[in-house]
Amino acid sequence: MIRLENVTKTYKGDVHALRDASADIQKGEFVFLVGPSGSGKSTFIRLLNKEERPDRGRIWVAGKDIDTLSSWKVPYLRRNIGCIFQDYKLLANKTVYENVAFALEVIGRPKHVIRTQVPAILELVGLAKKERNRPHELSGGEQQRVSIARAFVNRPLILLADEPTGNLDPTTSVGIMRLLEKINATGTTVVMATHDRSIVDTMRKRVIELDRGTIVRDQIRGVYA
Amino acid sequence: MALRVDYVLRETASNLKRNFSLTFASLITVVVSLSLVGAALLIRQGVQNATQQWQGGVEFIVYMNPDASQDQIDAVGNSLRENPEVADVEFFTKDDAFREFQDLYRDSPEFRDLVDSPDILPTSWRVTPSTSDPQVIEQVGQQYVSQPGVYTVAFEQDAVEALFNASNALRNGVLVAALVLLVAAGLLILNTIRTAIFARRREIEVMKLVGATNWFIRVPFMLEGMIQGLIGAGLAYGTTVILNDVIQDRAQEGQSLALLDNFFVSGSDVHSTGLLLLVVGVLVGTVGSGIAVTRFLDV
């Protein structure tokens with residue numbers, strides 16, 4: 001589903017965000033990216049989404065070599081990839097329902113599809129009762145669940161999560177992880193960058209550890225360190 | 001992928017409302033600049049109408065008597081052609097004269113219909129001299145006044161010349177001002193769109209993330225610029241029509257120079273000028289927003 005081959009990415013001033021990284025992630029896998037701040041976790045994720053381009057190396061996502069993908073096809077690539085972030089990136093002037101519906105609306109899904117899909121996904125993340133609320137009226141955990149609903153409403157093949165529990169307390173984080181596991185169980189590949197030792201240690205999924213841009217460990221049923 | 005019409009219209013309308021002051025500023029600039037363009041074009045059209053007989057360097061006209069014989073007409077024509085001071089001669093038949101008359105007075109039907117047949121109009125020779133010296137031209141023309149069959153010789157008046165020069169200068173000045181303002185209007189529209197893009201950067205970020213196509217993101221902004229250009233041009237159209245009516249009223253009340261009696265612009269001239277303004281307005285709006293979208297949208 002995802003394949004990196006000797007990928008190197010350097011930012012201005014010789015900062016190596018990723019150095020000769022190779023990895024192969026199968027369909028339906030759940031993978032943690034761990035490592036200290038600045039080790040290249042976010043770059044890894046942004047490369048998969050084609051928000052960044054590698055300096056060297058090749059990347060395949062969902063069967064496509066994304067470096068040769070022409071720019072007008074990038075939006076269609078992104079429809080196969082859901083993304084969630086530490087800061088949720090919800091639109092403050094839209095309700096929960098509208099935030100999720102927006103993701104379908106802007107890729108041209110017909111109204112009747114939106115009317116059935118959005119309530120179903122809000123039910124799945126447990127926010128059916130809050131669909132009329134705005135993001136600022138919700139707790140952090142609830143906001144993250146809205147953003148997961150938005151990322152997953154189009155049933156993507158891959159879900160990329162960049163520190164999704166970074167702003168949440170441990171109890172709420174467990175809830176979010178349950179939700180991601182549920183999504184993973186539907187066959188969606190999940191790649192999650194995290195700092196959270198206890199989450200990684202309790203879930204025992206595949207762990208890829210990065211250190212200053214280099215993959216130093218790739219372990220099935222791994223722990224944080 | 002089909003763009004959803006209701007989505008595009010909703011987004012465009014909310015952008016226009018959100019940036020009301022900037023939208024208003026660009027609108028006013030479009031109106032003023034396009035009104036000036038319209039005025040300049042109408043001045044040109046008006047002068048052309050007022051001086052139709054004197055175009056292409058024609059300096060004097062030898063009018064024949066309506067009942068002049070063909071021999072008399074040919075004699076004058078041959079003599080003109082052989083004259084070394086004459087560069088070009090053109091014969092105007094009764095039908096030509098009738099057509100010109102109809103054209104000249106098409107907006108005053110009462111007067112126009114007084115002449116209902118080409119037969120009562122004189123034929124004429126339109127003469128372009130090879131010299132521009134007014135005294136030589138005067139002398140050449142006067143030779144024909146006493147020829148048999150000649151009714152009269154009419155010279156281009158100094159006033160016509162003066163009107164030509166003054167109107168050309170006026171038109172050019174107005175056109176330059178209009179062009180400068182048009183560029184300003186384009187830049188203002190560009191900045192309005194840039195502000196709209198900035199105000200909606202979070203939404204644009206999310207749209208890119210979930211895979212909205214570039215055109216889907218661009219179109220509402222481009223439409224916003226186009227609408228500003230279109231509304232501005234529409235208002236300029238109205239201004240031009242009103243301006244033309246006012247001038248025409250003045251001219252008919254006889255408050256202006258006698259020469260301006262013919263200085264009118266017909267309805268169809270005004271409307272074709274108006275259509276041109278609409279096209280230019282839409283073009284300026286679309287180009288301005290197009291540049292903003294490609295420079296600041298980064299999609």
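What share of the contacts in chain B with a separation of 6 or more comes from residues 24 or more positions apart? The share is 88%, where a contact means C-beta atoms, placed from the backbone, within 7 Å.

The views below show a predicted model, in which local features need pLDDT of at least 70, side-chain atom pairs count only at pLDDT 80 or more, and totals for chains, interfaces and linings use all residues. Residues are numbered from 1 along each chain as its sequence is written, while chains are lettered from A and ligands numbered from 1 in the order in which they are written.

**View 1. Chain B in outline.** Chain B holds 10 helices and four strands. Helices (H or I, at least four residues) and strands (E, at least two) are DSSP runs, numbered from the N terminus. Along the sequence the pattern reads α-α-β-α-β-α-α-β-α-β-α-α-α-α. Of 299 residues in chain B, 35% are buried. Buried means 20 or more other C-beta atoms within 10 Å of the residue's own; exposed means 12 or fewer, and partly exposed lies in between, with C-beta atoms placed from the backbone.

**View 2. The open sheet of chain A.** Six strands of chain A form an open sheet in the order 6-7-8-3-9-10, with mixed pairing. Strands pair if DSSP finds at least two bridges between them. Strand 6 (81-85) and strand 10 (214-219) of chain A are the edges, each pairing on one side only. From one strand to the next the twist averages 15 degrees.

**View 3. Strand 3 of chain A and its two partners.** Strand 3 (residues 30-34) of chain A pairs in the parallel sense with strand 9 (residues 206-211) of chain A, over four bridges. Here F32(A) stands opposite V207(A). Strand 3 of chain A also pairs in the parallel sense with strand 8 of chain A, again over four bridges. There L33(A) stands opposite A193(A).

**View 4. Strand 8 of chain A, enclosed.** Five of the five residues of strand 8 (residues 189-193) of chain A are buried, so this strand is largely enclosed by the rest of the structure. T189(A), V191(A) and A193(A) point one way, and V190(A) and M192(A) the other. In a regular strand the side chains alternate between the two faces of the sheet. Strand 7 (residues 158-162) of chain A runs parallel to strand 8 of chain A, joined by five bridges. I158(A) stands opposite T189(A).

**View 5. Helix 5 against helix 6 in chain A.** The axes of helix 5 (residues 140-152) and helix 6 (residues 170-185) of chain A come within 10 Å and cross at roughly 15 degrees. Axes are lines fitted to C-alpha atoms, for helices over the stretch in contact, and angles run from 0 to 180 degrees between N-to-C directions. The two helices of chain A are therefore roughly parallel (angles under 35 degrees). Helix 5 of chain A supplies G140(A), G141(A), Q144(A), R145(A), I148(A) and F152(A) to the contact, and helix 6 of chain A supplies T172(A), G175(A), I176(A), L179(A) and I183(A).

**View 6. Where chain A meets chain B.** The contact takes 14 residues from chain A and 16 from chain B. Helix 2 (74-78) and helix 3 (96-105) of chain A each give two or more residues to it. Nine of the 10 residues of helix 3 of chain A are buried, among them Y97(A), F102(A) and E105(A). Their cover includes helix 4 (111-124) and helix 5 of chain A, together with helix 1 (5-18) and helix 8 (201-210) of chain B.

Methods:
Angles under 35 degrees count as roughly parallel, over 145 as roughly antiparallel, 65 to 115 as roughly perpendicular and the rest as oblique. Two residues are in contact if their C-beta atoms, placed from the backbone, lie within 7 Å.
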